[in-house]
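Dear colleague,

Please find below the structure that I am handing over to you. My notes on it follow.

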Amino acid sequence: MVSPVTILDGPTGSELTLRGAPTRERGWSANAITRAPDLLRDVHAAYAAAGATVHTACTFRAQPRLFPEQFRGLVRTAVQLARQGAQGARVAGSLAPVGDCYAPDESPPPDVARRLHGEMAGALADAGVDLILCETFPCVSEAEIAVEAAASTGLPVWVALTAGPSADLLTAAAMAEGARRCVDRGAGAALVCCVGASLTLPYVEALASVGVPFGAYANAGAAPGDAYGADDAEAVARYLEHAYTWVAAGATLVGGCCGTRPAHVRALAAAFR
């Protein structure tokens, strides 16, 4: 029997940028939480209307390293806005790397990572998320620490590892091994994210061996033929072609990452839900 596919939302950060939100400053998408809350709520609502059933709150950069005094309030507001826009769907809290998600060498020492991820996981739990998504980690050891912190809250935990837009930060085998280590520490699902859509299939196929539900949410624009930020029929159809291969490989969690838009999610929902 084929398992049903859960439709994830698309990106908030790149979508906010495309809609004119203040994301160019320190803190990136977190600036929209207080400076463009209506726009952020509208982004969540657009993904809900498209058919997403799991929405990720805009907490990717609303973290203690960047906002040591404000992060708890930012997290709380971001989750509220996601709830309002998601129209009853599940809300995941984004728990991201401490450093840049494409620079594994920026991962902090374990004691620092443990403290910061613990604070963020606690804030997400206090804000009332349904699950914690430890996402866009290129450094497996930091992902393990984040998963442990998230699992300590008692909430369901998913982990999403990245090989970077051009798939040059992790091999498929290394990602699968990293996902297994994260599962051992409490992750209940494993995904590949933030890799160009045309480069994602080998990672999905590798995750099939991990033993938990798995899936993908990929970038548009990182490889030839993937149109970043385009929502015309051709760009959406191209992304959907890639998604069909992920589902054929057994993926049951599918959405969009940087440069995909609500139109992509709508196509996924029509095809798989």
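Strand β4, helix α6 (residues 140-151) and strand β5 form a right-handed β-α-β unit; right-handed means that, with the strands pointing away from the viewer, the path from the first strand over the helix to the second runs clockwise. Helices (H or I, at least four residues) and strands (E, at least two) are DSSP runs, numbered from the N terminus. The model is predicted: local features need pLDDT of at least 70 and side-chain atom pairs pLDDT 80 or more, while totals for chains, interfaces and linings use all residues. Residues are numbered from 1 along each chain as its sequence is written, and side-chain values use heavy atoms, without hydrogens and water.

β4 pairs with β5 (residues 157-161) in the parallel sense over five bridges, pairing requiring at least two DSSP bridges between the strands. In this pairing Ile132 stands opposite Val157. β4 also pairs in the parallel sense with β3, over four bridges, and Cys134 of β4 is the bridge partner of Leu95. Seven of the seven residues of β4 are buried, that is, under 20% relative accessible area.

Yours sincerely

Conventions
Buried < 20%, exposed > 50% of the residue type's maximum accessible area, 1.4 Å probe, protein only.
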